[in-house]
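This report is meant for a reader who is meeting the structure for the first time.

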Amino acid sequence: MTPDIYDVTIIGGGPAGMYSAFYSGMREMRTKIIEVKHELGGFMRTYPEKLVWDVGGIEPVRCEEIINSLIKQAMTFNPTIVFGQEIIGMEQCADNTFTLIAKTGERHHTRTIILAAGRGITKIQKLNIKGADRYELTNLHYTVTDIEKFENKRVLISGGGDSAVDWANAIAPIAKEVIVVHRREDFKAFEASVTRMKQIATSLVPYIVLHLHGNQTKIERVTLQHVETGATKQFEVDEVIINHGFQRSFFGPIMEWGFEYEEYGICVSPKMCTSIPGIFGAGDFITHPSKVRLIAGAFNDAVLAVNSAKLYLDPTEPDMAGVSSHNDRFAEKNEEMIKCLSSN
Ligand SMILES: Cc1cc2nc3c(=O)[nH]c(=O)nc-3n(C[C@H](O)[C@H](O)[C@H](O)COP(=O)(O)OP(=O)(O)OC[C@H]3O[C@@H](n4cnc5c(N)ncnc54)[C@H](O)[C@@H]3O)c2cc1C
């Protein structure tokens, strides 16, 4: 049976992967994205409530809004999206096409590959307390999606980095009380933010969260333990936020496919070509001398990677897509948009 083959398969559904999918649609390539999680968004999902200022042409907005816009844009040309599969293996076939192999055993056939796996698979560093997961649906939070939830509440935040300190500063003005617990004497966060946090919240160092006490559904009280003396303290709480960072598996199985790589990623040429012909890269997974580790940098890499994939498949094609303002690919969609705008 002939395999169902795609022109390009993108590994990773973060900003680099999503924008690659949009742009490969502009280049009329049959496109698939494979994402290990069950949603698109990539690392941006870890800071959905944060305001993002540095994406060109977008006024400061919550990151979640950028994710939603990126998803809509990525769907413009109806790529196939596969969720819940971690790609671990790759086989190169005799006709120079590739088969990608997921941990689940599924196989995906493709003419080219764009690696957009970011810094690997991100796992939130959770509290190592037995039974803590039962509170995750109620008042134990690892990410903050809605600040208003904390209005007039007693909030305990554990962590010493930017996330913990930024959330303390954002929540303290509306909360009844904010206590920030950190296992070290010094906070790692930006100095000015730490200074402000110490003015508007209570900080307790060096302490760790030892026990969560509650009924079957909600935490009601927390025991903290002094790291050096072992002395304990208890606090009544309404909400608990844990910001202990992430585990990221950057040096995963893809690194064993034979690429050249450095500390910050797989090495690519200025046109995003890896050392294996037919495999390209974009976003935080790759490195090159002018790499910009921002969402905007991921977009730029994506355009270059898709154009390289297109030329790899057919060297007679133009080296970039026609600009969107003068591109026939949008003619029908433009008519719909104009109708929609004039009816509003
Ligand atoms: C705390 C923090 C704040 C930031 N704030 C900003 C900001 O304000 N502005 C800005 O421009 N940038 C910011 N950045 C940087 C920005 O988030 C990254 O540059 C961007 O997310 C990189 O996108 P990416 O698509 O390359 O990778 P990612 O966003 O990491 O996405 C990679 C995706 O690939 C998936 N994946 C990985 N391995 C596999 C596999 N083997 N199989 C299938 N799927 C896989 C992952 O699950 C993930 O969804 C911030 C970064 C951090 C750490």
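The model discussed here is a predicted one. Histidine 226 belongs to strand S15, which covers residues 219-226.

Histidine 288, by contrast in setting, is found in a loop, the one between strand S22 (286-287) and helix H5 (295-313). With a relative accessibility of 13%, histidine 288 also counts as buried. The side chain of histidine 288 makes a polar contact, at 3.4 Å, with the side chain of aspartate 301.

The protein is built with six helices and 22 strands. Of the 344 residues in the protein, 47% are buried.

## Around the ligand

The ligand is surrounded by 31 residues, and the closest of them are Glu35, Phe43, Tyr47, Asp54 and Asp284. By kind, the residues of this shell divide into 15 nonpolar, eight polar and eight charged. Helix H1 (15-26) and strand S2 (31-35) each supply at least two residues of the shell.

A polar side-chain atom of glutamate 35 lies 2.6 Å from an oxygen atom of the ligand, and a polar backbone atom of alanine 16 is 2.9 Å from an oxygen atom of the ligand. For aspartate 54, a polar side-chain atom lies 2.8 Å from a nitrogen atom of the ligand. Taken alone, the ligand exposes 1,000 Å², and the protein buries 84% of that area.

## Aromatic pairs

The structure holds nine aromatic pairs. One of them joins phenylalanine 43 and phenylalanine 246, whose ring centres are 5.4 Å apart and whose planes stand at 70 degrees, so that the pair is edge-to-face. Because phenylalanine 43 lies in the loop between S2 and strand S3 (51-52), while phenylalanine 246 lies in strand S18 (residues 246-248), the pair ties together parts that are 203 residues apart in sequence. Phenylalanine 43 is partly exposed, at a relative accessible area of 29%, and phenylalanine 246 likewise counts as partly exposed, at 33%.

Another pair is formed by tryptophan 257 and phenylalanine 259, and here the arrangement is tilted, with 6.2 Å from centre to centre and 40 degrees between the planes. Both tryptophan 257 and phenylalanine 259 are buried. Elsewhere, ring pairs link Tyr19, Phe22, Phe77, Phe299 and Phe330 into a cluster.

## Charges over rings

Which residue lies over the face of tyrosine 6? Arginine 30 takes that place, at 3.9 Å from the ring centre. In a further arrangement of this sort, the charged end of lysine 50 sits over the ring of tryptophan 167, at 4.8 Å from its centre.

Conventions: Residues are numbered from 1 along each chain as its sequence is written. This is a predicted model: local features need pLDDT of at least 70, side-chain atom pairs count only at pLDDT 80 or more; totals for chains, interfaces and linings use all residues. Side-chain values use heavy atoms; hydrogens and water are left out. A residue is near a molecule or strand if one of its heavy atoms lies within 4 Å of it. A polar contact is a pair of N or O atoms within 3.5 Å; within protein, one must be able to donate a hydrogen and the other to accept it, and residues adjacent in sequence count only if both atoms are side-chain atoms. Accessible areas come from the Shrake-Rupley method with a 1.4 Å probe; for residues, only the protein chains shown count as cover. Helices (H or I, at least four residues) and strands (E, at least two) are DSSP runs, numbered from the N terminus. Ala, Val, Leu, Ile, Met, Phe, Trp, Tyr, Cys and Pro count as nonpolar, Asp, Glu, Lys and Arg as charged, and the others, Gly among them, as polar. Rings of Phe, Tyr and Trp (its six-membered ring) pair if their centres lie within 6.5 Å; planes under 30 degrees apart count as stacked, over 60 as edge-to-face and the rest as tilted. Buried means under 20% relative accessible area, exposed over 50%, partly exposed in between (1.4 Å probe, protein chains only). A charge sits over a ring if NZ of Lys or CZ of Arg is within 6 Å of the ring centre and within 35 degrees of the ring normal.
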